[in-house]
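Reader: Before we discuss the assignments, may I see the model to which they refer?

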Amino acid sequence: MRVSRTWSELLGEAESPAEAEEERRGFFSRLRDSLGKSRKALVGQIAAAAFDPGDEQAWERLEEALIAGDVGVRATAELVRRLEERVEIIDLGQALAEEIALMIDRPVSFDLSAQLSVILVVGVNGTGKTTTIGKLARVLHQHGRSVLVAAADTYRAAAEEQLQIWAERASADFVGGEKGGDPAAVAFDAIEAATARGSDVVIVDTAGRLHTQINLMEELVKVRRVIAAKLEGAPQETLLVIDATTGQNGLQQARLFAEAVGVTGVVLTKLDGSAKGGVAVAIAYELDLPVKLIGLGEQLDDLRPFDPGDFAQALVRG
Ligand SMILES: Nc1nc2c(ncn2[C@@H]2O[C@H](COP(=O)(O)OP(=O)(O)OP(=O)(O)O)[C@@H](O)[C@H]2O)c(=O)[nH]1
Ligand SMILES: [Mg+2]
């Protein structure tokens, strides 16, 4: 099984073997350390006893463990179905990790090939949007892209300041707006400024909102519409940031944001806490949405490409 996806791979670039090895080393153990609750739930279950496929209760215990780990009812049913189809299961943990990896693997790339690409970042309050933008801007800068970040979160004055600080750390340009102003206008201005400067990527930060707040979701639809009208093919990426510690609610967030603004990928943050990463399986399987990035902390280099094989191993085998 492959180990870890690298940034170069995600961005469709050639990578040096040394760079790849450097990125891989240490990542897996860190991810394992991060997947707190889910890991214990699944591993505890699997380690409890040798798995006997003829034992009805063993299957029930496995189902319960998967659901407790936020894998979701439908994805759990599908996993169990796939495992039941296997002729024999010598190592349940290994079999489960393989099936999870297959189930959540999606072709993942960041399409930033346009002359100017726009990444729209959306999500519920406090999930880590602004932090993720800072980290992502930094990675893109390191990979030779000139980045401009746009503070289309006009609700809080502090939001703009926060993004501006991240922009400085990431060597990105910054465009803000007036407090209480129209977020779509900020996105518009940012694309105009980026075009004038010859930037490669615009990343648009938006205010946090609940997926159930209809007016605020409408506002987001407008931001997206204005971006699309201003620049053909944009936004190339619409990333939904989900806090992994929210568990199953993440699935509902993903469903409603995807319906409203056409999410192209999920960023699963806070996997360094006692996060329940199993929701990634539910999102990928039920909504056919790729998880593209994971957040493993609050620092600038704590963002990583999501790798299904690694993730499944860490989730199941601990
Ligand atoms: N441990 C940990 N903390 C994170 C991670 N990502 C973000 N945070 C923290 O989560 C908190 C909220 O992050 P923000 O980036 O401000 O979240 P936001 O989605 O922009 O919030 P709003 O704009 O208010 O909706 C901050 O304290 C971040 O440092 C992560 O991967 N791990
Ligand atoms: Mg924010």
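Author: A crossing is left-handed if the near helix is turned anticlockwise from the far one by less than a right angle, and right-handed if clockwise. The model is predicted: local features need pLDDT of at least 70, side-chain atom pairs count only at pLDDT 80 or more, and totals for chains, interfaces and linings use all residues. Residues are numbered from 1 along each chain as its sequence is written, while chains are lettered from A and ligands numbered from 1 in the order in which they are written.

Reader: Which hand has the crossing of helix 10 and helix 11?

Author: Helix 10 passes helix 11 in a right-handed crossing. Helices (H or I, at least four residues) and strands (E, at least two) are DSSP runs, numbered from the N terminus.

Reader: What makes helix 10 roughly parallel to helix 11?

Author: Helix 10 (residues 183–197) and helix 11 pack at an angle of about 25°, with their axes 8 Å apart. Angles under 35 degrees count as roughly parallel, over 145 as roughly antiparallel, 65 to 115 as roughly perpendicular and the rest as oblique; helix 10 is therefore roughly parallel to helix 11. The axes are lines fitted to C-alpha atoms, for helices over the stretch in contact, and angles run from 0 to 180 degrees between N-to-C directions.

Reader: Which residues make this contact of helix 10 and helix 11?

Author: Pro-183, Ala-184, Ala-187, Phe-188 and Ile-191 of helix 10 meet Glu-219, Lys-222, Val-223, Val-226, Ile-227 and Lys-230 of helix 11, where contact requires C-beta atoms, placed from the backbone, to lie within 7 Å. By class, the contact has eight nonpolar, no polar and three charged residues. Ala, Val, Leu, Ile, Met, Phe, Trp, Tyr, Cys and Pro count as nonpolar, Asp, Glu, Lys and Arg as charged, and the others, Gly among them, as polar.

Reader: Why are helix 8 and helix 9 called roughly parallel to each other?

Author: Helix 8 (residues 129–142) and helix 9 pack at an angle of about 20°, with their axes 8 Å apart. The angle falls in the roughly parallel class, and the two helices are therefore described in that way. The crossing of helix 8 and helix 9 is right-handed. Their contact divides into six nonpolar, three polar and two charged residues.

Reader: What makes strand 3 and strand 8 the edge strands?

Author: The open sheet of eight strands has the order 3-2-4-1-5-6-7-8, with mixed pairing. Strand 3 (173–175) and strand 8 (303–305) each pair on one side only. Two strands pair if DSSP finds at least two bridges between them. Three bridges join strand 2 (residues 147–152) to strand 3, and these strands run parallel; Ala-150 stands opposite Val-175 in strand 3.

Reader: How many residues surround ligand 1?

Author: There are 22, the closest being Gly-128, Thr-130, Thr-131, Gly-208 and Gly-295, where a residue is near a molecule if its C-beta atom, placed from the backbone, lies within 6 Å of it. Helix 8 gives the most to this shell, with three residues. The shell around ligand 1 divides into four nonpolar, 12 polar and six charged residues.

How values were computed:
Contact = placed C-beta atoms within 7 Å.
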